[in-house]
Amino acid sequence: MTEIIRGAWLGPEGLEAVLEQDLQRRGVTVDRWHGQLALSSQPSVFSPWALDVWEEPELVTIPSIKGAAKILRGRQRNWSLYAADFFRRAALIESNLPPIKAALLTFPTAAPTAPLGAWTLLSPETMLFSARKSSPFINGAPKFVENRTGPPSRAYLKLWEACTLLRRWPQPGETCLDLGATPGGWTWAIAELGADVTAIDRAPLDPAVAAMPHVQFQQGSAFGLEPSSFPEVDWVFSDIIAYPARLLALARRWIESGRTKNMVLTVKFQGETDHETVTAFEAIPGGSLRHLAHNKHELTFFWSQAEAASATAV
């Protein structure tokens with residue numbers, strides 16, 4: 001077998017080129033694509049644009065369907081299939097593996113911690129697999145029991161996914177700001193948790209959300225708001241549409257003010273991807289970026305005061 005694969009990244013549908021650009025900036029050349037899976041002879045590195053990073057990819061020739069399953073079972077119990085080709089053969093191998101419980105998640109719940117590997121068939125006789133991967137979910141995509149009546153938009157699923165991966169979410173009695181909140185999908189999700197949330201936007205909230213307990217509305221611009229005009233809050237959230245560089249300035253202003261303990265912001269890109277601003281977000285101590293399964297041409301920025309303190313103390 002002459003092909004060498006040391007790195008594998010599962011790209012979001014329609015954003016494969018963005019992932020490849022980001023990997024190039026990190027010194028990685030994509031040798032070829034297998035469906036949405038970017039393959040390279042260079043080692044796996046983190047990319048925020050990957051739904052899932054296969055951290056220890058291995059390439060093997062399989063003797064048979066049962067032989068392929070035996071190889072995987074010999075490493076660990078739980079395996080998730082990424083099927084890009086050879087679907088019938090892959091399904092037969094999968095049927096010889098222990099079943100994975102893929103029940104819908106009921107939020108709030110933390111992401112699973114049980115080891116989960118990933119595998120795929122590159123040819124009928126060639127299997128690529130990794131016992132370790134970055135996402136705890138099958139192909140990087142959690143699936144929730146959705147609420148189709150309460151929230152005014154499906155944007156709440158991004159907040160659910162973010163908090164599930166973070167393994168933390170607003171608690172009853174905690175104070176939150178939702179910047180650029182209208183129509184109120186994130187405000188609804190926060191209030192449903194029992195936390196107190198002040199929604200800020202120039203346009204009014206959906207009336208049903210505005211009437212919820214724990215919700216206050218303040219009309220105004222999220223970018224014109226001075227952190228010093230608020231007492232310290234536990235969380236700052238934002239799913240606002242804004243140029244990434246402008247959102248970066250907003251994030252820095254809140255972090256430097258010391259007025260929030262946690263931030264979850266959606267960084268939205270219009271047209272070309274602003275990779276320079278991605279790099280600037282990544283450089284913030286205590287922060288991280290990730291493309292969520294419910295994101296579009298977006299990344300989600302996570303920051304916590306506690307993690308920033310740990311990073312600067314090292």
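By class, 4 nonpolar, 3 polar and 2 charged residues make up the lining of the largest cavity (Ala, Val, Leu, Ile, Met, Phe, Trp, Tyr, Cys and Pro count as nonpolar, Asp, Glu, Lys and Arg as charged, and the others, Gly among them, as polar). This is a predicted model, where local features need pLDDT of at least 70 and side-chain atom pairs pLDDT 80 or more, while totals for chains, interfaces and linings use all residues. Residues are numbered from 1 along each chain as its sequence is written, and side-chain values use heavy atoms, with hydrogens and water left out.

Back to that cavity: its lining includes Leu51, Phe137, Glu161 and Arg290, and about 40 Å³ of space lies in it. On a 1 Å grid over the protein atoms alone, a cavity is a set of points where a 1.4 Å probe fits but cannot get out, a pocket is an open set with protein on both sides within 12 Å along at least five of seven lines, and lining residues have an atom within 4 Å of a point. Grid points are joined across faces, edges and corners, and a volume is the space filled by probe spheres set on the points.

Now for the largest pocket, which holds about 510 Å³ of space. Its lining has 22 residues, with Ile100, Lys101, Ala102, Pro136 and Ile138 nearest the centre. By class, that lining splits into 16 nonpolar, 3 polar and 3 charged.
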